Amino acid sequence: MPRLSAVALLVSALLAVPLSASAAPVTVTNGTQFTDTSGNVVHAHGGGMIKVGAHYYWFGENRNPDNTFKAVSVYRSTDLKTWEFRNNVLTNSSAAELRLANIERPKVIYNSTTRQFVMWMHKENGRDYSEARAAVATSSTVDGNYTWRGSFRPFGHMSRDITLFKDDDGTAYMASAARNNADLHLYRLNADYTQVSTLVRVLWRGVSRESPAFFKRNGIYFLVTSGATNWNPNQQKYATATSMTGTWSVLANVGDSTAYRSQTAFVLPVQGTETTSYIYLGDRWAGAWNRPVNESQYVWLPLKFPTSRTITMSWHQRISIDTATGVVHGL
Ligand code: DGJ
């Protein structure tokens with residue numbers, strides 16, 4: 001009998017173990033600077049994430065004290081709290097036009113045909129804000145040194161705040177703020193993701209939206225964006241569509257009037273054994289209190305879905321993330 005009980009205990013213990021390599025639930029504290037495993041501040045401002053194997057790779061802005069470009073830095077984590085610095089994948093010495101520059105909002109997607117990781121970002125000259133260019137860099141490994149592929153205005157249009165989205169069929173899109181941020185453009189990328197192939201549509205004209213971030217949930221496409229108020233936070237809004245190239249809904253508010261003093265950087269799907277959660281990744285820009293970008297903080301909040309096409313977001317000083325189960329909730 002005792003032997004049988006021991007076996008039963010073992011079986012039940014085994015069944016309770018998540019079938020994933022990811023770690024246990026962690027707590028992330030909002031409105032703070034995160035630190036990496038070496039104790040250094042994580043500089044991944046205006047960033048985005050891509051999951052490769054068991055790791056989430058977080059790319060973002062790492063700036064000099066005068067706010068000019070220092071690097072695009074990449075960190076990785078399995079639990080979204082323990083961040084290991086991996087590399088400065090793009091630096092001042094990666095290209096002549098990066099010696100003095102501003103690089104904002106880097107985003108990376110993977111092209112399974114070319115087997116290249118493709119980064120798009122917003123590029124300025126480091127002196128003023130007149131260039132309004134998109135720029136591209138590529139690498140055969142996610143956290144290797146990226147090769148600069150140049151900067152340009154897509155079809156001649158100004159291009160500032162930028163994001164990427166790769167659909168399930170491999171079609172990739174770039175959206176960026178055009179015409180001095182008045183319009184938000186949606187472009188389809190070419191097969192290797194290094195160029196725009198068409199201007200799909202002007203998502204909104206004359207509405208001054210910045211910081212676009214797409215995600216897809218149960219076949220519905222969502223786009224979260226901010227208004228344009230420099231470093232100061234403002235009302236985030238969102239829209240939905242049943243296809244990327246189709247008609248997008250009118251913009252609706254999400255979060256409070258300042259997104260809890262933050263601006264959208266990215267929306268991260270966390271797919272686990274129980275569910276898929278969607279985390280709003282926001283920047284609380286230090287420019288709002290006249291400090292350099294590298295003093296900015298992070299605001300991460302779970303999105304909720306009252307219906308299939310609506311989202312809500314409320315404030316939590318701390319959130320719990322379980323990358324094994326996919327369960328994310330406020331504390
Ligand atoms: C708001 C943008 O979203 C940021 O990326 C940055 O460009 C600031 N404006 C600069 O004022």
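How many cavities of 30 Å³ or more does the count come to in this structure? The count comes to one such cavity, where a cavity is a set of points, on a 1 Å grid over the protein atoms alone, at which a 1.4 Å probe fits but cannot get out. The views below belong to a predicted model, in which local features need pLDDT of at least 70, side-chain atom pairs count only at pLDDT 80 or more, and totals for chains, interfaces and linings use all residues. Residues are numbered from 1 along each chain as its sequence is written, and side-chain values use heavy atoms, with hydrogens and water left out.

**View 1. The largest cavity and its lining.** The volume of the largest cavity is about 40 Å³, a volume being the space filled by probe spheres set on grid points that are joined across faces, edges and corners. Its lining, made of residues that have an atom within 4 Å of a point, consists of Ala44, Gly47, Trp58, Ala265, Phe266, Leu281, Gly282, Asp283, Tyr298 and Trp300. Two or more of these residues come from each of β18 (263-271), β19 (276-284) and β20 (297-302), strands being DSSP runs of E with at least two residues, numbered from the N terminus. With three residues, β19 gives the most to this lining. Seven of the lining residues are nonpolar, two polar and one charged, where Ala, Val, Leu, Ile, Met, Phe, Trp, Tyr, Cys and Pro count as nonpolar, Asp, Glu, Lys and Arg as charged, and the others, Gly among them, as polar.

**View 2. The largest pocket.** A pocket is an open set of points with protein on both sides within 12 Å along at least five of seven lines, and the largest one has a volume of about 830 Å³. It is lined by 25 residues, of which Met49, Lys51, Phe165, Lys166 and Pro269 are the closest to its centre. At least two lining residues are supplied by each of β2 (45-52), β6 (102-111), β10 (162-166), β14 (210-217), β18 and β19, and β18 gives the most, with six. The lining of the largest pocket divides into 16 nonpolar, three polar and six charged residues.

**View 3. The second largest pocket, where the ligand sits.** More than half of the atoms of the ligand lie within 2 Å of the grid points of this pocket, as the term "sits" requires. The pocket has a volume of about 310 Å³, and among its 17 lining residues Glu104, Tyr129, Glu210, Asn230 and Trp231 lie nearest its centre. Both β3 (55-63) and β6 supply at least two residues of the lining, the largest share, three residues, coming from β6. Here the lining holds three nonpolar, six polar and eight charged residues.

**View 4. The shell around the ligand.** With a heavy atom within 4 Å taken as the limit, the residues around the ligand are Glu104, Arg105, Tyr129, Asp161, Glu210, Asn230, Trp231 and Gln263. This shell divides into two nonpolar, two polar and four charged residues. Polar side-chain atoms lie 2.6 Å from an oxygen atom of the ligand in Glu104, 2.4 Å in Asp161 and 3.4 Å in Glu210, each a polar contact, that is, a pair of N or O atoms within 3.5 Å. The protein covers 92% of the 300 Å² of accessible area that the ligand has on its own, as given by the Shrake-Rupley method with a 1.4 Å probe.

Key
A polar contact is a pair of N or O atoms within 3.5 Å; within protein, one must be able to donate a hydrogen and the other to accept it, and residues adjacent in sequence count only if both atoms are side-chain atoms. Helices (H or I, at least four residues) and strands (E, at least two) are DSSP runs, numbered from the N terminus.
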